[in-house]
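Reader: Hi! I am new to protein structures and would like a close look at one single residue. Could you walk me through its surroundings and then the chain around it?

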Amino acid sequence: QLQAFGGGSVQAGGSLRVSCAASGRTFSNYAMGWFRQAPGKEREFVATITRRGYSTYYGDSVKGRFTISRDNAKNTVYLQMNSLKPEDTAVYYCAATERFSSTMPSEYQYWGRGTLVTVSS
């Protein structure tokens with residue numbers, strides 16, 4: 001089970017950190033990803049991190065602004081979001097995959113409920 005939290009409202013240029021807590025399975029067996037979905041748009045890849053956290057990958061729209069990290073001792077994955085823009089407004093979802101890594105939503109087996117991030121101009 002995955003539970004994302006930490007969303008909220010922030011002004012453009014601000015920062016926010018969202019977290020995702022996992023339970024029920026061995027967290028370190030899974031690569032973790034963050035995706036987002038804005039109203040009327042398809043789900044978009046944001047970032048992913050491998051099982052031990054040695055490798056990370058980012059979507060082009062967030063590269064250089066967002067940082068994904070994980071703490072396997074706490075069964076938690078984080079997404080630090082800096083220099084936020086109004087176009088970052090979306091529901092953010094965390095997901096887990098048995099693959100080494102993936103940017104494709106279809107390759108993630110487990111999904112949490114999203115947390116809403118709203119960025120105002």
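Author: Happy to! Let us start with D88, which sits in the loop between strand 8 (76–81) and strand 9 (90–97); strands here are DSSP runs of E with at least two residues, numbered from the N terminus. Before going on, note that this is a predicted model, in which local features need pLDDT of at least 70, side-chain atom pairs count only at pLDDT 80 or more, and totals for chains, interfaces and linings use all residues. Residues are numbered from 1 along each chain as its sequence is written, and side-chain values use heavy atoms, with hydrogens and water left out.

Is D88 buried or exposed? D88 is buried, because its relative accessible area is 0%, and buried means under 20% (1.4 Å probe, protein chains only). The side chain of D88 reaches the backbone nitrogen of K85 at 2.8 Å. Leaving aside residues up to four places away in sequence, D88 touches R36, R65, F66, S83, V117 and V119, where a contact means heavy atoms within 4.5 Å.

Now for the chain as a whole. The chain has 11 strands and zero helices; a helix would be a DSSP run of H or I with at least four residues. Of its 121 residues, 42% count as buried. Among contacts with a separation of 6 or more, 56% join residues 24 or more positions apart. Finally, the C-alpha atoms fill a box of roughly 40 × 25 × 25 Å, taken along the principal axes.

Definitions and conventions
Buried < 20%, exposed > 50% of the residue type's maximum accessible area, 1.4 Å probe, protein only. Polar contact = N/O pair within 3.5 Å; in protein donor to acceptor, adjacent residues only side chain to side chain.
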